[in-house]
Amino acid sequence: MIAINGESISIVLFFVGVYGLIARRNIIKSIMSISIMQVAIILYFISANIAPGSVPPIGDVTQTLQVADPLPQALMITDIVIGIGVTAAGLTMFIHLYHRFGSTNWQKVMKKRNHHD
C-alpha cells in the first residue's frame, strides 16, 4: 500500500511543476510551475524524517523523548524568502518582455526577439 504523507505528496507536486515547465509555452505558467516546484521542495524537507510524537524545541523539553529538528524549518524559512524574490524577479522580467514584444508565449517572444535585433 502506498503511504500518503508529506514526502510522497511533495514528489508528486514537484513533477507537476516539471510537467508545467516542459509542456506549457506560457511565461506566467512557467513562473507558476517554478513556484510549485519550490513549494514541493519545502514540503519535502519539512516532512522528511519526522518522528511521530516529536515536539517542537520550544520551552521545557527535558521530559520529552523526541524533539523535532529545528534546522529544516529554519532553512525552509530562508527558502521561502528566496522563492519570493525569484518569483518577483521572474514577474518583473515577464512584464518587461510583454511590454516589449506583446506576447506571453515563449516561442513567439523568441521569434520576435530574433527579428527585432
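## Aromatic pairs

F94 and Y98 lie 4 residues apart in helix α3, so about one helical turn separates them. Helices here are DSSP runs (H or I, at least four residues), numbered from the N terminus. The model is a predicted one, in which local features need pLDDT of at least 70 and side-chain atom pairs count only at pLDDT 80 or more, while totals for chains, interfaces and linings use all residues. Residues are numbered from 1 along each chain as its sequence is written, and side-chain values use heavy atoms, with hydrogens and water left out.

A pair of aromatic rings is described by the distance of the centres and the angle of the planes. Rings of Phe, Tyr and Trp (its six-membered ring) pair if their centres lie within 6.5 Å; planes under 30 degrees apart count as stacked, over 60 as edge-to-face and the rest as tilted. The count by this rule is 3 aromatic pairs. One of them joins F14 and F15, whose ring centres are 5.7 Å apart and whose planes stand at 85°, so this pair is edge-to-face. The rings of F94 and Y98 have centres 6.0 Å apart and planes at 35°, so their pair is tilted.

Accessibility is described by relative accessible area (buried under 20%, exposed over 50%, partly exposed in between; 1.4 Å probe, protein chains only). F14 is partly exposed at 27%, whereas F15 is exposed at 52%. F94 is buried at 11%, and Y98 is partly exposed at 40%.

## Helix α3

Helix α3 covers residues 71-101, and its 31 residues should span 45 Å at 1.5 Å a residue; the end C-alpha atoms are 44 Å apart, which agrees. The expected span is 1.5 Å times one less than the number of residues. Buried positions in α3 include M76, G83, G90, F94 and F101. Just after the helix, G102 takes a positive phi of about 75°.

V86 also lies in α3 and is partly exposed, with 47% relative accessibility.

## Packing of α1 and α2

Two packed helices are described by the angle between their axes and the distance between the axes. Axes are lines fitted to C-alpha atoms, for helices over the stretch in contact, and angles run from 0 to 180 degrees between N-to-C directions. The axes of α1 (residues 6-23) and α2 (residues 27-47) come within 8 Å and cross at roughly 165°.

Contact means heavy atoms within 4.5 Å. Residues of α1 that meet α2 include I9, L13, F14 and L21, and those on the α2 side include I34, M37, I41 and Y44.

## Packing of α2 and α3

The axes of α2 and α3 come within 10 Å and cross at roughly 180°. This makes α2 roughly antiparallel to α3. Among the α2 residues in this contact are I27, I31, I41, F45 and I46, which face a set in α3 including P72, M76, I80, G83 and F94.

I46 is placed in helix α2 and counts as partly exposed at 33% relative accessibility. Apart from neighbours within four places in sequence, I46 is in contact with P72, Q73 and M76. I46 and M76 are 30 residues apart in sequence, with their C-alpha atoms 7.5 Å apart in space.

Methods:
Helices (H or I, at least four residues) and strands (E, at least two) are DSSP runs, numbered from the N terminus. Angles under 35 degrees count as roughly parallel, over 145 as roughly antiparallel, 65 to 115 as roughly perpendicular and the rest as oblique.
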